[in-house]
Amino acid sequence: DKESILLGKRKVHPQPDWWLIGGRSRPGQSTSQAASNNIRRELKIEARPARFKVVGSYNLVWQFRQQEPKSNGQYRACADPPEEELELSKKAMFEKQEYSEVKWTKIKDILGGNYSPALKQFVHDLCSRWKFEDLSAKAKDPKCSDSEIASLARDLIRWHGEAESSTTKITFDEEKRDYTVSADAS
């Protein structure tokens with residue numbers, strides 16, 4: 001519906017808070033194959049790799065993790081499952097060792113709430129992609145007016161202007177369930 005995203009409340013490191021459902025990729029896997037495997041493992045849903053679309057590539061480094069290697073890890077890419085596969089997840093079983101709960105969360109609540117800045121960036125990028133797809137579809141439609149296309153283009157440009165683009169350091173206080181964001185000093 002482009003209004004909500006399925007999030008899981010993780011119980012384990014590296015992100016013991018609300019986060020995207022998924023996990024890492026294995027050497028040689030495409031992003032879409034990794035997403036399919038992770039959705040199968042995390043939600044017990046079969047979703048064909050071809051149904052996933054890459055949203056972005058992110059370099060988030062953690063100094064400790066629940067899984068091996070425990071001393072470091074990276075989260076490099078996210079994929080967006082298509083809506084019909086996500087509909088199935090309303091009935092899905094989630095991995096209870098890793099998640100305490102799974103819920104649909106309104107995009108506006110994520111962007112305006114106390115969620116990880118990295119999650120907010122992903123959501124912003126996903127919305128940008130949706131806006132671009134809408135603009136592309138209208139631009140190809142001969143019945144669409146130039147003024148409607150221009151309006152969608154201006155909306156996309158405004159949306160991009162709202163994005164954070166600096167490198168940041170994010171710390172999470174597990175007891176307070178709060179994030180601190182600072183500019184990266186390097």
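How many residues does helix 5 have, and how far does helix 5 reach from its first C-alpha to its last? Here are some notes on that and a few neighbouring points.

This is a predicted model, in which local features need pLDDT of at least 70 and side-chain atom pairs count only at pLDDT 80 or more, while totals for chains, interfaces and linings use all residues. Residues are numbered from 1 along each chain as its sequence is written, and side-chain values use heavy atoms, with hydrogens and water left out.

1. Helix 5 (residues 146–161) has 16 residues and reaches 22 Å, close to the 22 Å expected at 1.5 Å a residue. That expected span is 1.5 Å times one less than the number of residues. Helices here are DSSP runs of H or I, at least four residues, numbered from the N terminus.

2. Ile149, Leu156 and Trp159 of helix 5 are buried (under 20% relative accessible area, with a 1.4 Å probe and protein chains only). Seen down the helix axis, the buried residues fall within an arc of 85°, so they line one face of helix 5; the arc is taken from the directions from the axis to the C-beta atoms.

3. Those buried residues pack against helix 3 (107–112) and helix 4, where contact means heavy atoms within 4.5 Å. On the face turned away from the buried side sit Asp146, Ser147, Ile157, Arg158 and Gly161, which are exposed (over 50%).

4. His124 belongs to helix 4 (residues 117–140) and counts as buried because its relative accessibility is 8%. A polar atom of the His124 side chain lies 3.0 Å from the backbone oxygen of Trp159.

Methods. Helix = DSSP H or I, 4+ residues; strand = E, 2+ residues; numbered from the N terminus. Polar contact = N/O pair within 3.5 Å; in protein donor to acceptor, adjacent residues only side chain to side chain.
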